Amino acid sequence: AWTSIDRLADEWVQEIARLSPTFAAGAGLPGDPAAYDDYSPAGMEASRQAGDRILARLKELTPQDAADTVTKRALLRDLELGDRLDDSGWWLRSLNNLASPAQGIRDVFDNMPTDTAADGETIAARLHNLPAALQGYQATLDLGRERGLMPAARQVRIVAAQIDGNLGADGFFSQLAERAAAAGVVPAALADRIRTAASGAPPAY
C-alpha cells in the first residue's frame, strides 16, 4: 500500500509534468502536447515555489518503512539541491552547448509523433508557441545580465552556431515542415500551416 510519502512523491512528479510540458512529453505523462515550459522569470519562480511547498510537506512526514526512508531521503536531497541551485542564480545564465532551454525548445520536436494528421496539428501548434517560449527564455537571460550573471562567452558562441544550423532553407525547422508534407499523412492545407509556423522560428531566434 502506498504511504503518505509515496503519494507526495507521485504528486511531485505530476506537478513537474504540469509545470514542464516538455518533461511530460519526454516521460510519456499526460499534458498539453503543444505547450512549452514557462522559461520566463515568473515561470522559474513558480517552479521554485512549487518545490518549496512539496519540501515543507515532506519534512513533516514520518517514514513508515525502509522504502519510505529511502524515498524521503532522495526527495529531500533533490528538492534541497534544487533550492541551492536556484539560490546560485544558475537559471539566470542557463545557456550551454548540451542541455539548456536553447536546445530543449528545439529538441522537444524529436519526441513528437508524426504518424497522423492529428500529430501534424500538434506540431503546427507547438511551432506557433515557440516564439513565446523564446521570449520568456530571453527575459530570464536578460535579467541575469542585469544582475551580472551571464553564461560563458564560449558557450554563447557555440549555441549561436547551433541555432544557425537549425535555421535557413536547409535548417531543422524548414526540414521539419517539408518532412511533414512529404510523409503524406497531413492534408495540403495543414502542411502549409506547418510551413508558416516553421517560418516564424528564424525571426523568433
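Reader: Which element gives the largest share of the lining of the second largest pocket?
Author: Helix H6 does, with eight residues. The model is predicted, and the values here are computed from it.

Reader: How much space lies in the second largest pocket, and which residues are closest to its centre?
Author: The space comes to about 410 Å³. The pocket is lined by 19 residues, with Leu95, Tyr137, Gln138, Leu141 and Ile163 closest to the centre. H6 and helix H7 (153-166) are the elements that give two or more residues to this lining.

Reader: How do the residues of that lining divide into nonpolar, polar and charged?
Author: There are 14 nonpolar, three polar and two charged residues.

Reader: What is known of the largest pocket, in volume and lining?
Author: Its volume is about 980 Å³. The lining holds 33 residues, and those nearest the centre are Met44, Ser47, Arg48, Asp86 and Trp90. Two or more residues each come from helices H1 (4-19), H3 (41-59), H4 (66-88), H5 (101-107) and H6 (117-146). H3 gives the most, seven residues. By type, the lining has 14 nonpolar, 10 polar and nine charged residues.

Reader: What makes a space a cavity, and how many does the search find at 30 Å³ or more?
Author: In a cavity a 1.4 Å probe fits but cannot get out, whereas a pocket is open. The search of the whole structure finds one cavity of 30 Å³ or more. The largest cavity contains about 40 Å³ of space, which is over that cut-off of 30 Å³. Its lining consists of Thr114, Thr116, Asp119, Gly120, Ile123, Ala180, Ala183, Val185 and Val186. H6 supplies the largest share, three residues. Five of the lining residues are nonpolar, three polar and one charged.

Reader: How do you know that the span of H3 is close to the expected one?
Author: H3 has 19 residues, for which 27 Å is expected at 1.5 Å a residue. From its first C-alpha to its last, H3 reaches 27 Å.

Reader: Why are the buried residues of H3 said to line one face?
Author: The buried residues of H3 are Gly43, Arg48, Ala50, Gly51, Ile54, Leu55 and Leu58. Seen down the helix axis, they fall within an arc of 160°, so they line one face of H3. An α-helix has 3.6 residues a turn, so residues three or four places apart point the same way. The buried residues of H3 pack against H1 and H4.

Reader: Why is Leu55 called buried?
Author: Buried means under 20% relative accessible area. Leu55 has 8% relative accessibility, and therefore counts as buried. Leu55 lies in helix H3. Leaving aside residues up to four places away in sequence, Leu55 touches Leu76, Leu79, Glu80 and Asp83.

Reader: What makes Asp78 partly exposed?
Author: Partly exposed is the class between buried, under 20%, and exposed, over 50%. Asp78 stands at 43% relative accessibility, so it counts as partly exposed. Asp78 belongs to helix H4. The C-alpha atoms of Asp78 and Pro33 are separated by 26 Å, and the two residues are 45 residues apart along the chain.

Key. Residues are numbered from 1 along each chain as its sequence is written. This is a predicted model: local features need pLDDT of at least 70, side-chain atom pairs count only at pLDDT 80 or more; totals for chains, interfaces and linings use all residues. Side-chain values use heavy atoms; hydrogens and water are left out. On a 1 Å grid over the protein atoms alone, a cavity is a set of points where a 1.4 Å probe fits but cannot get out, and a pocket is an open set with protein on both sides within 12 Å along at least five of seven lines; lining residues have an atom within 4 Å of a point. Grid points are joined across faces, edges and corners, and a volume is the space filled by probe spheres set on the points. Helices (H or I, at least four residues) and strands (E, at least two) are DSSP runs, numbered from the N terminus. Ala, Val, Leu, Ile, Met, Phe, Trp, Tyr, Cys and Pro count as nonpolar, Asp, Glu, Lys and Arg as charged, and the others, Gly among them, as polar. Buried means under 20% relative accessible area, exposed over 50%, partly exposed in between (1.4 Å probe, protein chains only). The expected span of a helix is 1.5 Å times one less than its number of residues. The arc is that of the directions from the helix axis to the C-beta atoms. Contact means heavy atoms within 4.5 Å.
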